[in-house]
Amino acid sequence: MQWPCTDPLPDPSADAAGRHRIAVLALPGVPPFELGIPSRVFGSVLDAGSRPLYEVTVCTADGAPVLSDAGFTVQPAAGPEALAAADTVIVPPTHAMPELGRGGPLPPEVTAAIAGIRPGTRLVSICAGSYVLAAAGLLDGRPATTHWGLAPEFRRAYPRVKVDEEVLFVDDGDVLTSAGVAAGVDLCLHMIRRDHGAAAANRAARMCVVPPWRDGGQAQYIDRPVPEPTVGTTTATRAWALEHLGEPLTLNRLAEHARMSLRSFTRRFRDEVGMTPVQWLTAQRLELAKQLLETTDLSIDLVAHRCGFGSANSLRAHMRTAFGVSPASYRRTFHTDDLVKAGV
């Protein structure tokens, strides 16, 4: 689940070799897992000729090594010059700047490094990296997220930021923020989907052995009583629904498949997925529509029918609401004969 980006899908910036340049800012106390996410996920994205579409560089604010929170030193490949040359800057969290939790200032070298980022550069935070963007004033007046456990503190420290701790990530166009830890993977896959389409994101997800899209939001991962083992789940019904997206899938039909009352099914579904059955179905149908638009020459009407939207007008309305583009515009952006021939 995420805030939708209603801006047109961008034509990604790239260097002379065709690669989109990403700089990952490693700060003292950086967790190794979050630091490694961008290199691993974006490094899995290749074009039809098996050439990388992204160039990922780990840098520090002054070019010097930093100590991770795991006790080993991170040797950066570059200093702040990488931030100035980047098309996207990603900031993982730091566990060595507690003053940021009180709304305190960034260290001078970090402030200077961030000030050197070119206007129009895409800015991204993973987990508590949002504190760094907020402390730099880059989230003022914007929707953003962070780890759900940090949301109350974050809200007190940065009252001008519109915090939503219920979602896995927030896409506000040129500034994107993710929730805790593994949500950084979700956000990176979302960015690949924005830049190069659903097929590219799906391939990257398969290489990383993770789902290309996680339903729901942070709420589903917060501590809550574990259901009794005898209580039914909606897992099998969701799997069945994915095989029948082109058919009319009413709430009654879904509940009957799950062998639950309508009320119990709706409640159980929301508890497990973090959204209503209708919201979930719409999201799955949109994902299928994007894949068909990218990888087939089916007419818009036929794509709409196969995805369960019924008509091209319905598909068009849903895509404009969710992505800010029409099906035809999406196809022009991401569909090529080469992609179809490659079977992607």
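Modeller: Let us begin with Asp171 and Arg194, which form a salt bridge whose closest N and O atoms are 2.8 Å apart. Please bear in mind that the model is predicted.

Colleague: What makes the contact between Asp171 and Arg194 a salt bridge?

Modeller: The term requires a side-chain nitrogen of Lys or Arg within 4 Å of a carboxyl oxygen of Asp or Glu. The closest N and O atoms of Asp171 and Arg194 are 2.8 Å apart, so the pair qualifies. Asp171 belongs to strand β10 (residues 169-171) and Arg194 to helix α6 (residues 183-196), so the bridge ties together parts that are 23 residues apart in sequence. Both residues are buried.

Colleague: Which residue of helix α6 pairs with Glu287, and why is that contact called a salt bridge?

Modeller: The partner of Glu287 is Arg193, with the closest N and O atoms 3.8 Å apart. Because the limit is 4 Å, this pair also counts as a salt bridge. Glu287 lies in helix α11 (residues 277-295) and Arg193 in helix α6, so parts 94 residues apart in sequence are tied together. Glu287 and Arg193 are both buried.

Colleague: What joins Arg118 to Asp87?

Modeller: A salt bridge joins them, the closest N and O atoms being 3.4 Å apart. Arg118 sits in the loop between α3 (108-115) and β7 (122-125), and Asp87 in the loop between α2 (81-85) and β6, so the pair ties together parts that are 31 residues apart in sequence. Arg21 is linked with Asp87 and Arg118 in a network of salt bridges. The structure holds 14 salt bridges.

Colleague: Why is strand β2 said to pair with β3 and with β6?

Modeller: Pairing requires at least two bridges between the strands. Six join β2 to β3 (residues 54-59) and three join β2 to β6 (residues 88-91), so both pairs meet the requirement. Each pair runs parallel. Arg21 has Glu55 as its bridge partner in β3, while Ile22 has Thr88 in β6.

Colleague: What makes β2 a mostly covered strand?

Modeller: Five of the six residues of β2 (residues 20-25) are buried. From β2 the chain crosses through helix α1 (residues 32-42) to β3, and this β-α-β crossover is right-handed.

Methods. Residues numbered from 1 in each chain as written. Predicted model: local features only at pLDDT ≥ 70, side-chain atom pairs only at ≥ 80, totals over all residues. Heavy atoms only, no water. Buried < 20%, exposed > 50% of the residue type's maximum accessible area, 1.4 Å probe, protein only. Helix = DSSP H or I, 4+ residues; strand = E, 2+ residues; numbered from the N terminus. Right-handed = clockwise from strand over helix to strand, strands pointing away.
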